[in-house]
Amino acid sequence: GSIRKVKNDRKDALKIAKYALDNWNTLREHTPMDMIRQQLKLFSRQYNLYMKTSASLQNNLIALLDKTFPGANDLFTSPEKANEHRKWVDFAATFWHCDCVRCMSEKAFADRYQKWSKRKGYNFSDSKSSEIYAFSQNLFATLPKTNTSKLLIASAATELTAASEVAATVRQEVIRLARLLPEYETVLAMYGVGEITAAQLIAELGDVRRFANRRAIVAFAGIDPEVNQSGTYEARSNPSTKRGSPHLRKTLYQIATIHLRKSPADEPVYRFLDKKRSEGKPYFVYMTAAANKFLRIYFARVKEALNAQEGYI
């Protein structure tokens with residue numbers, strides 16, 4: 001809005017006022033839904049942060065277990081609990097060294113493992129107990145069974161569990177806020193979209209009616225090709241602009257990955273992806289093209305759903 005780059009409260013206020021006066025006819029009135037969208041975006045970003053922290057702590061715990069109980073993280077295949085507790089993490093906090101298992105008799109370990117399973121709320125199996133005991137007999141630990149090693153493993157397991165619990169709490173709040181918005185069910189019904197993915201899409205894109213057309217929302221996501229033209233020269237193959245939110249592009253990439261893995265022949269996004277792949281396009285080219293296609297479909301469906309909502313401005 002000005003040539004000089006001045007940064008102070010007075011100039012900022014003038015710029016905001018000038019923008020409001022120039023765009024008075026197109027500005028939309030603030031509604032309670034806008035506050036929900038703002039909160040949803042904040043919680044969604046926090047959830048991404050906690051998940052990143054949890055992944056880092058998980059890698060750290062696995063690296064430590066490789067020195068005391070190699071392969072302990074692969075002993076169990078049971079899914080996570082509702083509070084994000086994982087069986088292998090709780091197991092590592094108690095049986096933190098392979099000597100904690102193999103230095104006792106198989107019956108003694110089975111009794112202790114059964115008590116531990118009951119205390120932690122996991123199912124007990126005699127065959128699993130025998131499998132763990134036999135597995136521990138062939139391990140070689142590079143760290144001795146000392147209190148220092150125990151402190152390292154126990155602290156890492158506690159930190160990972162705490163981070164996972166916080167992430168689970170934030171996840172539930174993200175889903176709760178997303179369900180308050182009128183387009184949530186429409187987004188959730190799209191192929192490759194789950195509860196948290198739908199919430200993340202809505203959080204990053206907001207009200208799609210603020211975009212003039214499909215090209216605008218694609219440009220907002222930063223998955224449109226750059227323009228490289230000068231005189232008579234015009235490049236035909238350009239990288240993506242990668243403007244806007246990287247969180248949005250990550251979510252779109254995850255959805256495109258689901259289409260690629262499941263290969264639903266009746267879905268237009270996968271058909272478009274497969275067409276580009278059959279043309280010999282590189283991996284990131286046809287994955288970006290699939291994300292572009294999905295976002296255009298998202299824009300049309302969500303805009304139609306919002307316009308159909310009675311009493312929603």
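Buried, in what follows, means under 20% relative accessible area, with exposed over 50% and partly exposed in between, using a 1.4 Å probe and protein chains only. Helices (H or I, at least four residues) and strands (E, at least two) are DSSP runs, numbered from the N terminus. With those terms, helix H3, residues 87–94, is mostly covered, as seven of its eight residues are buried.

This is a predicted model, in which local features need pLDDT of at least 70, side-chain atom pairs count only at pLDDT 80 or more, and totals for chains, interfaces and linings use all residues. Residues are numbered from 1 along each chain as its sequence is written, and side-chain values use heavy atoms, with hydrogens and water left out.

Back to H3. Its buried residues are Lys87, Trp88, Val89, Asp90, Phe91, Ala92 and Thr94. The cover over them includes H2, helix H5 (106–120), H6 and H7, where contact means heavy atoms within 4.5 Å.

Beyond neighbours within four places in sequence, serine 129 is in contact with Phe109, Ala110, Tyr113 and Phe124.

Now the whole chain. It has 13 helices and two strands. The radius of gyration, taken over C-alpha atoms, is 26 Å, well over the 20 Å that the globule rule gives for 313 residues, so the chain is more spread out than a compact globule. The rule itself is 2.2 Å times the number of residues to the power 0.38. Along the principal axes, the C-alpha atoms fill a box of roughly 80 × 50 × 45 Å. Of the 313 residues, 40% count as buried. Among contacts between residues at least 6 apart in sequence, 68% join residues at least 24 apart.

Next, the cores. A nonpolar core is a set of buried Ala, Val, Leu, Ile, Met, Phe, Trp, Tyr and Cys residues joined through side-chain atoms within 4.5 Å. The largest has 44 residues, of which Leu40, Leu201, Leu252, Phe294 and Tyr298 touch the most other members. Which helix gives the most to this core? That is H13, with 11 residues. Apart from this core lies another, of 31 residues, including Trp88 and Ile153. Leucine 40, leaving aside neighbours within four places in sequence, is in contact with Val174, Leu177, Ala178, Leu181, Ala199, Ile202 and Ala203.

Last, the pockets. On a 1 Å grid over the protein atoms alone, a pocket is an open set of points where a 1.4 Å probe fits, with protein on both sides within 12 Å along at least five of seven lines, and lining residues have an atom within 4 Å of a point. The largest pocket has a volume of about 750 Å³, a volume being the space filled by probe spheres set on the points. Of its 24 lining residues, the closest to the centre are Ser240, Phe284, Val285, Thr288 and Ala289. H13 supplies the largest share of that lining, seven residues.

The second largest pocket has a volume of about 360 Å³. Of the 14 residues lining the second largest pocket, Arg28, Asp34, Arg37, Asp207 and Arg210 are the closest to its centre. H2 and H9 each give two or more residues to this lining, and the largest share, four residues, comes from H2.
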